[in-house]
Amino acid sequence: MRHLSDVDQDVIRLAQDPLFPRFLEQIAATGGCAHPVHLSGSTTTRDVATGEVLHHYDTRTEPGERLFVRCRNRRASVCAPCSRLYAGDTFHLVRAGLTGGKSVPVQVRERPRLFVTLTAPSFGPVHRATTDGQRCRPRRNAGTCEHNRPVSCGAVHDVTESVVGQPLCPGCYDYPAHVLWHAHAGQLWDRFTRATRRTLASAVGLAQARFRDHARLSFAKVAEYQKRAAVHVHAVVRLDGPDGPHTPPPAWATPELLTSAVHTAARSVLVRSPYSPSIGELELRWGTQLDARPLRAFGDTDGLADDAVAAYVAKYVTKGATDTAAGTDYRLLTRDDIDAAAVSPHIRALMRTCWHLGGLPEYAPLRLRAWAHTLGYRGHILTKSRAYSTSYTALRTQRAEHQRSTETRVPDGPEVATDSQWRYVGSGHTPGATLIAAGIADDLVLNRELAREDLRAPGGEVE
């Protein structure tokens, strides 16, 4: 035994435990979660009328007297099994707002809907890659900048090159503006939605305060880091009636009108940063690159497909900072953490700018040091308006209720009451359990892939 690795010794120790089969069941129930939360406690379900105990569960009979539950981390780099579950929930959340289902009527498919992309402005020229083999930034006789660096680049970069997204001159790049734009991105989006409503109201002769009496603007958006580490926003925008998806929009609500309003609103939005003696007051706007494409209606062949948009959004929300090369998946507690982070010089410069600006009293409300790991961006990766579709909470509640109904087997007849007492006792896996969980997670992925292949096969059915 002493010649075996720590992982092998731990696997043997776990396999020799009489409760090892139950341990495997717990790992499988979490989908092979890489960092499960350990809980200790009990739950008892009683018949309210008679007091009879219908079901009782206690972790004292479990391996290690604890129960494993999922960590629910969305990042694939942190926990791949939980990120797949998160991606599935996101797909259904976004898709329900496009095609109906999950308490959303199918009529939303006929509503004016756009897939909108809003970008950050330029903070300085960066190296870029093109799909058609064009040179990076060719300029004849361009010379050098004040820092004695060339202001042009005639190379043809591949998208995988590390130089793509890096500034031509870090000294000329406006790092404070980049960080402050990130810190105000949520406010920019809020003003964009308000401006869109105002523009729609003005276009059809409505008082702005009366817009909600005639229509409602619903959306779901996801934030994505570009190669230059600047966030841009993808959003599904939909026009409903005054009561949301359950009421049709007015006759004047068309995709063309919505598209025009989105363009006008994006150009009009302006947010001013707090004044700083060293930087001044910055005027923050959306970038000039704006895309607004209609989504395909039922039976139509023009526009983007609903499922393709939902799958794109679901795929992106599971990406971590290591996948996008923008920041880290963990908070930076000291300036030394920035120096130790495995990031590019451009990302490190943005982190240091966050740390520096975060120490200035005028920027204290922005909490830039707390969000240095995300380069100053402090919004959620995915957000939606209340009336767009269902919620993550509703999806998780439905899944939990289904699992309880199949596991506890409580009779349907009596009115029941449940008493639960739980406490946190730890998290994560031992080395051997980590190996076992990874194997179970891989098996579950393979089983799902095989099931999908059977469904795609002509006449195939999963038995």
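**Close-up views of a predicted model**

**View 1. The lining of the largest cavity.** By class, the lining of the largest cavity comprises 4 nonpolar, 1 polar and 1 charged residues, where Ala, Val, Leu, Ile, Met, Phe, Trp, Tyr, Cys and Pro count as nonpolar, Asp, Glu, Lys and Arg as charged, and the others, Gly among them, as polar. The model is predicted, so that local features need pLDDT of at least 70 and side-chain atom pairs count only at pLDDT 80 or more, whereas totals for chains, interfaces and linings use all residues. Residues are numbered from 1 along each chain as its sequence is written, and side-chain values use heavy atoms, with hydrogens and water left out. The lining residues are Ala185, Gly186, Trp189, Lys221, Val233 and Tyr377, and helix H5 gives the most to this lining, with 3 residues. The largest cavity holds about 30 Å³ of space (a cavity is a set of points, on a 1 Å grid over the protein atoms alone, where a 1.4 Å probe fits but cannot get out, and lining residues have an atom within 4 Å of a point; a volume is the space filled by probe spheres set on the points, which are joined across faces, edges and corners).

**View 2. Helix H5 and the residue that follows.** Helix H5 spans residues 185-203 and reaches 27 Å from its first C-alpha to its last, close to the 27 Å expected at 1.5 Å a residue (the expected span being 1.5 Å times one less than the number of residues; helices, H or I of at least four residues, and strands, E of at least two, are DSSP runs numbered from the N terminus). Among the buried residues of H5 are Leu188, Trp189, Phe192, Ala195 and Arg197, buried meaning under 20% relative accessible area, exposed over 50%, and partly exposed in between, with a 1.4 Å probe and protein chains only. Just after H5, Gly205 adopts a positive phi of about 80°.

View 3. Arg60 forms a salt bridge with Asp58, their closest N and O atoms being 3.1 Å apart (a side-chain nitrogen of Lys or Arg within 4 Å of a carboxyl oxygen of Asp or Glu). Arg60 is exposed at 62% relative accessibility, whereas Asp58 is buried at 15%. Asp329 forms a salt bridge with Arg75, also with closest N and O atoms 3.1 Å apart; this pair links distant parts of the chain, 254 residues apart.

Technical notes: On a 1 Å grid over the protein atoms alone, a cavity is a set of points where a 1.4 Å probe fits but cannot get out, and a pocket is an open set with protein on both sides within 12 Å along at least five of seven lines; lining residues have an atom within 4 Å of a point.
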